[in-house]
Amino acid sequence: MTPLPRPTFPPRAAPEWADALALTALAGVALWLLWGPLVSANALYFRDLQVFFVPLRQFLADSLARGELPFWNPGVSLGTPYFAEMQTAVLYPPSWLLLLGDGNRGIALLLFFHLLLAAGGAYALARRLGLFVPAALAAAGAFTFGGCLISTLNMINFLQALAWLPWVLWAFEADRQGPSPRRWAVAAAVVGMQTLAGAPDVSIMTGLVLGAYLLVRSRSLRWLPRVAAAYLFALLLATPQLLATFELFRHSVRTAGLSLAEIAHYSLRLDGLRSLLLPPPLSRVDWNIAETYPGGHVPLFLSLYLGWLAGAGVLAALWLRRGPALFWLALGGVGVFLALGGNNPAALWLYEAIGIFRYPEKYVVLLHLGLAMLVGLGLDAALRRAAGRPALWRLLAVLPLFMLLELGVVNGQINLQGPPDYYRLADIPELRWLTGAQAGFLYTRTGEGARPASVREVYAGYRRVLSPHIGTLAGVRYVEGTEGLTTRDHARIGEMLDGLPPNGQLLRRLAF
């Protein structure tokens, strides 16, 4: 086999308009995916968004708008720590995007920004590695709009940290190629931003990937002091957040890690890998749980779909770029090995040791990153082979656009949207308790009743039972009728506790 020409650094010259056009295409797909929330203020409500992240971030937005740094949220479960809950991302600068739009639009702006960030980082990394513009576009499109990353739109902190992953690799690759104080400072700043994003598991995975990557690329440890210094800077930058989070962590159930049963439940299933090429039948409106996921087990990542075009790129990389492709192939293999968790007896002992990070399935992002880079490497190798055949080169060059279109259409069905007033809950009869003598009902959660069949039925049920976090759930502002929750209803609950016997007064002092 004729050896391929070695990639040049910096990447082979391309007209500026080519890079601009590629980035515009990526931004266009991101805009299309979030058009409803951004333009029409539609509500995203799937999974953790409805009962956790939307109210969490709306409280932050309202606090920042008042010029306050929120340390405590008095409106949930008789008061809960806020700053110490790292997922709130109080010190994370992009959180200020929440102030640029009310309610649903603020959340959508935050998500849109991080899709752009992920796309730009993956594209910059691919170009830094010497890939042609179309190949870099393919890698960035697969990384940003593949089912794995799009599935994280309902886990905002995870998405935030994951979007910085390619930027970390890009920054340290640039510093490796030409070390300088400025490049080191950029790398340290990127690591600091990822640390503040609120997902320590992603930051740790990123650090491990970075170490392995630099070791393979440099074949030495000369880079270690610079990387260690950058991570030390990031830890110092995030010290106020990390100290508070650690204190809260010591009092939480997370200190015990996961039981074997939980590890098995939150592990990737081998049949889930089929969604790389065959996505589950999802819909923006509704889907039947039992039919879509036999047995009713809904995975953490609804789909891993990359598609057949991406699959062809992976095969091309393994055949035409065997050497450079081996690292990313190995990374994907490690990701599957760890993500299988309880479904992989060979990894179970290892995961029990690191189970503090919870949910083995999260390690599937390593597979996702590895495959995305393989897609770019494969197309780049094919383009180099077609360098003397202009017609074939042009045909290969437009393939990423078809891939972007396919990924946008297929994976755009993963996240569910509701009307702009979805969070107002005006149709929920239990709202009468918010102004009645039984205000304490807000802090309880009743059984969910019969097992629902459809995903829409699941979230209608969540809204009916009024979980504790719905006390600060956001629409245009808060849930209709609960603006005074942090003052009026706390006072009412306090009056209800006045009648407690003397030994019960301790409860009141603890609660307030």
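**Notes on cavities, salt bridges and a surface patch**

1. The second largest cavity holds about 40 Å³ of space. For the terms: on a 1 Å grid over the protein atoms alone, a cavity is a set of points where a 1.4 Å probe fits but cannot get out, and lining residues have an atom within 4 Å of a point. Grid points are joined across faces, edges and corners, and the volume is the space filled by probe spheres set on the points.

2. Before going on, the ground rules: this is a predicted model, where local features need pLDDT of at least 70 and side-chain atom pairs count only at pLDDT 80 or more, while totals for chains, interfaces and linings use all residues. Residues are numbered from 1 along each chain as its sequence is written, and side-chain values use heavy atoms, with hydrogens and water left out.

3. What lines that second largest cavity? The residues are P37, N42, A43, L44, V54, N104, I107, A108 and Y423. Two elements, β1 (43-44) and α4 (103-128), each give two or more residues to this lining, and α4 gives the most, with 3. Helices here are DSSP runs of H or I with at least four residues, strands are runs of E with at least two, and both are numbered from the N terminus. By class, this lining has 7 nonpolar, 2 polar and no charged residues. Ala, Val, Leu, Ile, Met, Phe, Trp, Tyr, Cys and Pro count as nonpolar, Asp, Glu, Lys and Arg as charged, and the others, Gly among them, as polar.

4. The largest cavity has about 70 Å³ of space. Its lining includes L33, L34, L44, I150, L153 and R284, along with N411, G412, I414, N415 and Q417. That lining divides into 6 nonpolar, 4 polar and 1 charged.

5. On to salt bridges (a side-chain nitrogen of Lys or Arg within 4 Å of a carboxyl oxygen of Asp or Glu): the count comes to 8. One joins E173 and R217 at 3.3 Å, N to O. E173 sits in helix α7 (residues 156-177) and R217 in helix α9 (residues 200-218), so the pair ties together parts that are 44 residues apart in sequence. E173 is buried, at 0% relative accessible area, whereas R217 is partly exposed at 33%. The cut-offs are under 20% for buried, over 50% for exposed and partly exposed in between (1.4 Å probe, protein chains only). R176 joins E173 and R217 in a network of salt bridges.

6. R384 and D380 also pair up, at 2.7 Å, N to O. Both lie in helix α17 (residues 364-385), 4 residues apart, about one turn of the helix, and both are buried. Another salt bridge links E68 and R66 at 3.3 Å; E68 is partly exposed, at 41%.

7. Helix α18 (residues 390-411) gives the most to the patch, with 4 residues. F402 lies in that helix and is exposed, at 51%.

8. Buried or exposed: which is F301? At 3% relative accessibility, F301 is buried. F301 is found in the loop between α13 (289-292) and α14 (308-320). F301 and G147 are 154 residues apart in sequence and 7.5 Å apart in space, C-alpha to C-alpha.

Key: 1 Å grid on protein atoms, 1.4 Å probe; cavity = no way out; pocket = protein on both sides within 12 Å on 5 of 7 lines; lining within 4 Å.
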